[in-house]
Amino acid sequence: MNSKQIKSEKSLYFICSKYGYNSLFRSTLPLSILRRSPFFAIIFFLIVSATMAVAGNSVVVAADHLPGVTQPYENLIAAADVQSSDDLEGGNGLYSDDLYGDEYIKTPDQSVADPLYWFNYAIFSFNDKLYFWVLKPVARGYRFITPDPLRAGLRNFFHNSLFPLRFVNNLLQGKGDQAVSEVKSFVINTVGGGLGFATPAQYVFGINTYNEDMGQTFGSYSVKEGFYLVLPLMGPSTLRDTVGSVGDFFLSPMTYIESTELAVGLGTLDRINDVSFRIGDYEALKKAALDPYISIKDAYIQMRRKQIQE
Amino acid sequence: MKKIMTVLLGILLLTPAVPKAADLEPEIVLRNGVNAIISVLNDPAFASANQKDARKELLFNKAESVFDFNEFSRGALGRNWGRFSENQRTEFIKHFSRLIANTYIAKIDDENFEDLKITYTKTEMLDATKSGIERADIATDVFHNKVMTPVNYRMMKKKGGEWKIYDVKIEGVSLVGNYREQYRTRFNDSPDKIIQEIKEKISQ
């Protein structure tokens, strides 16, 4: 069948994506000096990542031990967990069947701390309004006036253009076979697919692409998440993934477009085009949740852990 | 170049999918369950607006036969399950299954299902639990509206029972695990309050 799709398409993408918001990141941060000079860019990135590698994990450790730094609930929960563990065998006795294994029984070690809860919550509310008031209506109008093949083509084009990012991160994670697939896909789609608007590499040759980013690369080196962060425009992240996205920024070709107008324009188009494919997903997730903030936090963490594990 | 591509594409499309040597039992049960749901969605008898409620009920019944909402609820409540009385549990299961079904059925209802395609990529038998409940993980790729979403189903079979779904993971995000995380901090809320909250959520 011919419905082989590029594996980048995520339904949680708007809320949880790495790439989608990079485009806005790219266009909103005043990093023009860094953009002009790759040398400074590399130095800057090395410093940031080194700092994070050292500090990132110790922040978590510190956060676990300082009262008041973590959410006040954490200690209570830990206590309640211990207390109620006897009850587990109670009821009709079925709970002791570890159906869900140890998989989602979160110990303090497994869950990601949220020391900036109030800040994060404010940004979360802001992003929510931004989606309903701006992003969604714009993406809807855009979907209405733009033919489907063009939207798909643009999505393919932007995906293809992020080849350097995927390639480097596949290499950094020692995934040689995947890096080779990336090269093949990039060459075939760029040449045979008109700069990547069509995807003969996927449709005809069945070559996959593999979304790997800096955050995942750090994760594969056993760097912990640090703590949870919600970023304006970009959505859920963690300390590790935020630092990673700085690295990704420099691996995105659009960073090196000279004209700021063009860079901003393309970044916005990428984002709107992307959202136009997943209108309704965020709404459904929110509707199903009892606490949307926690639901989205957990979804992001679970999704990233799965990606790193793969 | 274009010609070659067309020919290659043609060959690709004409090649029938290679049938697997032996489909595992849970996968067959899942396929049947999912197909039953899709056939309701595609049934023109239910397409008109005044049939919407009837269709919703039918979809819920079909879902109930493959999903074990009992285990869903237990898993979602996590440690809080122990605080619920027998009656409260029944109440919770009743409303919680409605909440999940409503969310997804509502989403399904305003979408076009002509280009829906599901491929079953991998079925893996997991270790049985201590008390001998068999478990399986079934990986699928769902293609819809030009978007591919990986969906994994967790299925289990109790002794003398049937294979049922006890968790769904969409892009690696476990539905049960997500609710469990939301309920994790609710140990001070009474079971009645938790049930009431779901009722309100449904009526919204």
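## Sheet, helices and the reasons behind the words

Modeller: In this predicted model, chain B has an open sheet of five strands, ordered E1-E2-E3-E4-E5, with antiparallel pairing.

Biologist: What makes E1 and E5 of chain B the edge strands?

Modeller: Each of them, E1 (117–126) and E5 (173–174), pairs on one side only.

Biologist: And how do you know that E1(B) pairs with E2(B)?

Modeller: Two strands pair if DSSP finds at least two bridges between them. Nine bridges join E1(B) to E2 (residues 134–144) of chain B, and the two run antiparallel, so E1(B) and E2(B) count as paired. As an example, B:Thr119 has B:Asp141 in E2(B) as its bridge partner.

Biologist: Over to the helices: why are H4(B) and H6(B) called oblique to each other?

Modeller: The axes of H4 (residues 69–77) and H6 (residues 175–183) of chain B cross at roughly 40 degrees, coming within 7 Å. Under 35 degrees would count as roughly parallel, and roughly perpendicular runs from 65 to 115. The pair therefore lands in the oblique class.

Biologist: Which residues make that contact?

Modeller: H4(B) brings B:Phe72, B:Gly75, B:Ala76 and B:Leu77, while H6(B) brings B:Val176, B:Tyr179, B:Arg180 and B:Tyr183. That gives six nonpolar residues, one polar and one charged.

Biologist: What span is expected for H15(A), at 1.5 Å a residue?

Modeller: The expected value is 26 Å, and H15 (residues 292–309) of chain A, with 18 residues, reaches 25 Å from its first C-alpha to its last, so it comes close.

Biologist: Is A:Tyr300 in H15(A) buried or exposed?

Modeller: Buried, as are A:Ile301 and A:Arg304, among others in H15(A).

Definitions and conventions
Residues numbered from 1 in each chain as written. Chains lettered and ligands numbered in written order. Predicted model: local features only at pLDDT ≥ 70, side-chain atom pairs only at ≥ 80, totals over all residues. Helix = DSSP H or I, 4+ residues; strand = E, 2+ residues; numbered from the N terminus. Buried ≥ 20, exposed ≤ 12 C-beta atoms within 10 Å, placed from the backbone. Axes fitted to C-alpha atoms, helices over the stretch in contact; angles between N-to-C directions. Parallel < 35°, antiparallel > 145°, perpendicular 65-115°, else oblique. Contact = placed C-beta atoms within 7 Å. Nonpolar A, V, L, I, M, F, W, Y, C, P; charged D, E, K, R; others polar.
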